[in-house]
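Me: I would like to learn how to read a few features of a model. Could you take me through them one at a time?

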Amino acid sequence: MWEDPEGFSNTDWENQVSELSINVGNTVNYLHDLQNYLQDQLNKILEKRAVLSEEKDSLNRSWKILKEDKLHFEHEKMAWIKEKQMIYQKNIDTENIVDINVGGEKFTTSRTTLCSVPGSMLEAMFSGRHTLTKDHQGMVFIDRDPKLFRYVLQYLRDRKLRLPANVQQRERVLDEFDYFCIPTDRELAKELAKELIISPDIAASKTLTGHTGWVRCIEARGNNIISGSYDKTIKIWDMDSGACRQILSVHTMTCTKLLDNLIATGSFDRSIKLWDINTGNCELTLKGHENWVLCLDIDGDILVSGSKDTTIRIWDIATGTLSKTLQGHSNSVTCLKIIGDKIVSGSQDRTIKIWDMESGECLKTLNGHTNYVMCLEVVDNIIYSGSQDNTIKIWDFSSGNCIRTLAGHSDALVCLQVIGDTIVSGSFDRTIKIWNNIAGTCVKTLYGHANSVVCLKVVGNTIISGSFDKTIKVWKCV
């Protein structure tokens with residue numbers, strides 16, 4: 001066997017080489033494991049970095065939105081201050097708008113209205129010839145009953161004599177006219193009062209059952225009641241017999257509007273459909289909203305819709321095309337009405353807006369409700385709005401001023417209709433209330449529904465109501 005001069009044999013060298021190979025292999029494995037570990041750590045760091053970057057972008061976006069909201073709020077605040085100063089200055093300049101404190105209640109009217117009956121006490125008081133008593137806020141103070149004064153002021157505004165049906169209350173109102181030296185024909189007054197009598201024992205004469213989901217919409221035509229429900233049907237009922245004449249299968253609707261032989265429906269599916277009542281066929285589908293369609297109104301070939309996507313859309317139903325989109329509300333648009341070339345809308349942002357239909361410009365914003373605006377009516381230049389703050393507010397269309405607030409419901413007020421000097425309202429409190437619009441008082445509360453009253457229609461002396469209890473009730477008022 002060959003031996004190395006240093007004394008290493010061939011076997012010794014082989015052992016050394018083998019041991020060295022093992023050490024090198026172990027080192028390579030260790031380095032490979034270390035590389036994998038470092039790569040895993042690097043991947044985790046990169047993932048964390050991506051998450052942090054995304055969070056940073058989100059915070060930046062939120063901060064940008066907050067800055068924009070702050071700027072928008074500051075602009076609105078400055079505009080409000082400017083408008084307030086302008087109105088105040090205008091009142092000072094013209095001295096025609098008058099705030100009166102009558103028995104602790106504020107009334108806003110014009111000097112022209114108050115002086116409209118020559119020889120009356122009010123004409124003498126506001127002619128400028130006398131020094132008037134004022135309260136601590138600078139308003140002219142008249143120590144009379146505000147409920148009675150409402151009748152006097154309304155008469156001065158439109159020369160229509162309106163009186164309560166109750167004989168004693170009617171005499172008190174007529175005495176108030178005498179106090180202010182405003183002449184009235186008492187015999188004629190008795191005849192006028194008969195038109196306002198409501199039966200003291202109103203009860204539901206019929207209850208219509210058949211829907212398997214909440215009744216959400218009520219329409220009426222002739223002797224037919226048309227109801228829409230979350231059970232995806234429209235039912236047509238005979239008002240006298242209460243029998244269901246026809247059933248249309250539709251989508252899950254949130255609102256309806258009757259047009260000749262068509263009924264328009266808005267839905268959770270974001271669409272609007274027009275159905276032929278006679279055949280049940282869908283004649284037109286309008287798509288464009290990005291969320292639930294919550295309200296509709298129609299005038300001729302113009303259909304206007306409001307949505308949870310915060311927009312109002314104007315459609316030409318003759319062509320089936322979208323004409324215009326109005327943006328301005330910051331929350332769901334829950335109710336709207338077409339009034340000539342204007343649109344009045346209510347929203348969950350607690351405001352009412354008046355729009356120019358042609359330009360799409362918001363002309364006025366009415367603030368006053370403290371919760372969602374759920375329903376509205378516009379009659380004779382007066383806006384009536386119902387809210388989830390449990391109140392009805394009455395507004396002057398031209399000025400945007402709140403004339404009066406009616407309180408009485410114990411839960412959200414979600415539907416109303418105005419008929420002459422009467423307001424009928426329905427609420428989540430399960431009741432229907434009948435109000436005297438002139439006196440601002442509730443004259444009757446109807447009980448019978450087992451759940452929220454969410455839609456109603458007044459036809460002649462009949463109130464038709466729909467409820468989340470899945471029924472329709474017919475109430476005869478006289």
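Reply: Gladly, and let us begin with overall dimensions. The radius of gyration is taken over C-alpha atoms, and the globule rule is 2.2 Å times the number of residues to the power 0.38. For 478 residues, a compact globule would come out near 23 Å, but the protein chain has 36 Å. Its C-alpha trace spans about 150 × 65 × 40 Å along the principal axes. Two notes on the source: this is a predicted model, in which local features need pLDDT of at least 70, side-chain atom pairs count only at pLDDT 80 or more, and totals for chains, interfaces and linings use all residues. Residues are numbered from 1 along each chain as its sequence is written, and side-chain values use heavy atoms, with hydrogens and water left out.

Me: How many helices and strands are there in the protein chain?

Reply: Both are DSSP runs numbered from the N terminus: helices are H or I with at least four residues, strands are E with at least two. Here the protein chain has six helices and 31 strands.

Me: And what share of the residues counts as buried?

Reply: Buried means under 20% relative accessible area, exposed over 50%, and partly exposed in between, with a 1.4 Å probe and protein chains only. In this protein chain, 43% of the 478 residues count as buried.

Me: How do I read strand pairing, and which way do strand 1 and strand 2 run?

Reply: Two strands pair if DSSP finds at least two bridges between them. Strand 1 (residues 97-102) and strand 2 (residues 105-110) run antiparallel, joined by six bridges.

Me: Which way does strand 3 run with strand 1?

Reply: Strand 3 (residues 140-142) is parallel to strand 1, with three bridges joining them. There, asparagine 101 stands opposite phenylalanine 141.

Me: Where in the chain does arginine 350 lie, and what is its phi?

Reply: The general idea first: most residues other than glycine have a negative phi. Arginine 350 is not a glycine, yet has a positive phi of about 80°. It lies in the loop between strand 18 (342-347) and strand 19 (351-356). Arginine 350 counts as partly exposed because its relative accessibility is 43%.

Me: What is the phi of asparagine 381?

Reply: Asparagine 381 has a positive phi, near 65°. Its place is the loop between strand 21 (373-379) and strand 22 (382-387). With 38% relative accessibility, asparagine 381 counts as partly exposed.
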